[in-house]
Amino acid sequence: MNRLPNNSNGASTKKRNSILASNPVMRRLNKVNEYDVTNAATYGGITAKTVYFLLFTIVGIVLQLILAKTFATGEAFTVNIKGFEVTMFITEAIALGVSVIAAIVFQLLAFFAKPTTPVTGALYCVTQGYFISFLIFKVLSGREYLGALALAITMVIILVMALLYTKGIIRVTKKFKAIMLTLFVTVIAVTLLTLICSFIPFTRPIVQAIQGNLVFSIGFSVIFIIIAALFLICDFDTIDHVVNDKLPKKYEWQAAFGLAFTVIWLYLKVLDIIITIAGSKK
């Protein structure tokens with residue numbers, strides 16, 4: 001294993017560095033300047049590992065379906081989720097809360113503890129699969145086909161973004177990254193402001209009125225989908241960097257998890273907008 005010489009591929013690596021090249025995993029990869037000609041990362045290796053992570057999402061879906069039957073006892077209550085009246089058991093709600101917290105923990109570990117990515121990344125995908133299953137089979141009970149519709153739309157978006165990237169129609173430039181950063185920071189700021197205002201008695205009715213507005217909800221979801229799609233472009237660019245600059249094979253895990261993370265996030269946002277529209281019709 002070696003370091004890139006100053007006049008070689010290191011220049012391309014340095015050029016890719018920015019404040020927000022992509023999601024956290026991909027951003028860290030852009031700063032790597034190692035290379036290994038004998039055991040370098042490959043597109044095939046990254047693809048296989050991406051499939052590995054996404055398969056664990058399916059494991060999470062199956063796990064939720066199994067545990068839902070186990071938890072179907074004891075005290076129950078009804079909540080309204082985007083227009084759908086959902087009956088939940090206490091134990092089921094606790095399990096859902098634990099999965100959300102676990103997702104945050106595993107996500108951070110996969111991001112920053114690189115050696116743990118194959119395990120923590122897989123566990124993160126399991127928790128996301130659990131949450132996806134809850135949305136499809138619990139919230140959309142009787143309309144599970146909408147989950148398949150969300151998957152089809154997600155795949156179309158991925159294919160379109162891949163085509164735009166490979167054809168050079170969208171290029172990852174400094175301006176492109178600056179636009180992404182602006183969109184990302186704006187959405188995060190609005191989300192945090194909304195959360196804070198929802199706990200203040202004076203502003204809570206305003207927040208509830210805005211959240212109950214269909215146009216606002218759909219618009220916000222569309223912004224998230226656009227950001228996720230743009231992240232895909234940056235992910236593709238970073239994967240090219242990992243392979244073309246011959247980074248060691250160990251970095252395939254991070255590249256694969258970064259892509260899987262974006263794909264899952266995109267799917268959840270597409271599913272969210274579909275649930276919002278379906279709930280408004282009810």
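## Helix packing, buried positions and salt bridges

Helix 4 (residues 90-112) packs against helix 5 (residues 117-139) at an angle of about 145 degrees, and their axes are 8 Å apart. Axes here are lines fitted to C-alpha atoms, for helices over the stretch in contact, and angles run from 0 to 180 degrees between N-to-C directions. Helices (H or I, at least four residues) and strands (E, at least two) are DSSP runs, numbered from the N terminus. The model is predicted: local features need pLDDT of at least 70, side-chain atom pairs count only at pLDDT 80 or more, and totals for chains, interfaces and linings use all residues. Residues are numbered from 1 along each chain as its sequence is written, and side-chain values use heavy atoms, with hydrogens and water left out.

**Helix 4 and helix 5**

The crossing of helix 4 and helix 5 is left-handed, a term for a near helix turned anticlockwise from the far one by less than a right angle, clockwise being right-handed. On the helix 4 side, the residues that meet helix 5 are E92, A95, L96, S99, A102, A103, F106, Q107, L109 and A110. Their counterparts in helix 5 are T117, T120, G121, L123, Y124, T127, Q128, Y130, F131, F134 and K138. Contact means heavy atoms within 4.5 Å. The residues of this contact divide into 12 nonpolar, 7 polar and 2 charged. In this division Ala, Val, Leu, Ile, Met, Phe, Trp, Tyr, Cys and Pro count as nonpolar, Asp, Glu, Lys and Arg as charged, and the others, Gly among them, as polar.

Helix 5 is mostly covered, with 18 of its 23 residues buried. Buried means under 20% relative accessible area, exposed over 50%, and partly exposed in between (1.4 Å probe, protein chains only). S133 lies in helix 5 and counts as buried because its relative accessibility is 0%. Leaving aside neighbours within four places in sequence, S133 is in contact with I61, Q64, L65 and K138.

In helix 7, the buried residues are F176, K177, M180, V187 and C197.

The table sets helix spans beside their expected values; the expected span is 1.5 Å times one less than the number of residues.

| Helix | Residues in helix | First to last C-alpha | Expected span |
|---|---|---|---|
| Helix 3 (residues 43-70) | 28 residues | 41 Å | 40 Å |
| Helix 5 | 23 residues | 31 Å | 33 Å |

**V86 in strand 4**

V86 is placed in strand 4 (residues 84-89). Because its relative accessibility is 2%, V86 counts as buried. Not counting residues up to four places away in sequence, V86 touches F77, T78, V79, I81, K138 and V139. V86 and L140 are 54 residues apart in sequence, and 8.9 Å separates their C-alpha atoms.

**Salt bridges**

The structure holds 4 salt bridges, each a side-chain nitrogen of Lys or Arg within 4 Å of a carboxyl oxygen of Asp or Glu. One of them joins K138 and E92, with the closest N and O atoms 3.4 Å apart. This pair links distant parts of the chain, K138 being in helix 5 and E92 in helix 4, 46 residues apart. K138 is partly exposed at 23% relative accessibility, whereas E92 is buried at 4%.

The side chains of D272 and K82 also meet in a salt bridge (3.4 Å, N to O). D272 is in helix 10 and K82 in the loop between strand 3 (76-81) and strand 4, 190 residues apart. K82 is partly exposed at 37% relative accessibility.

K249 and E252 form a salt bridge at 2.9 Å, N to O. K249 is partly exposed, with a relative accessible area of 30%, while E252 is buried at 0%.

**The whole chain**

The protein has 10 helices and 4 strands, in the order β-α-α-β-α-β-β-α-α-α-α-α-α-α from the N terminus on. Of its 282 residues, 44% count as buried. Among contacts between residues at least 6 apart in sequence, 80% join residues at least 24 apart.
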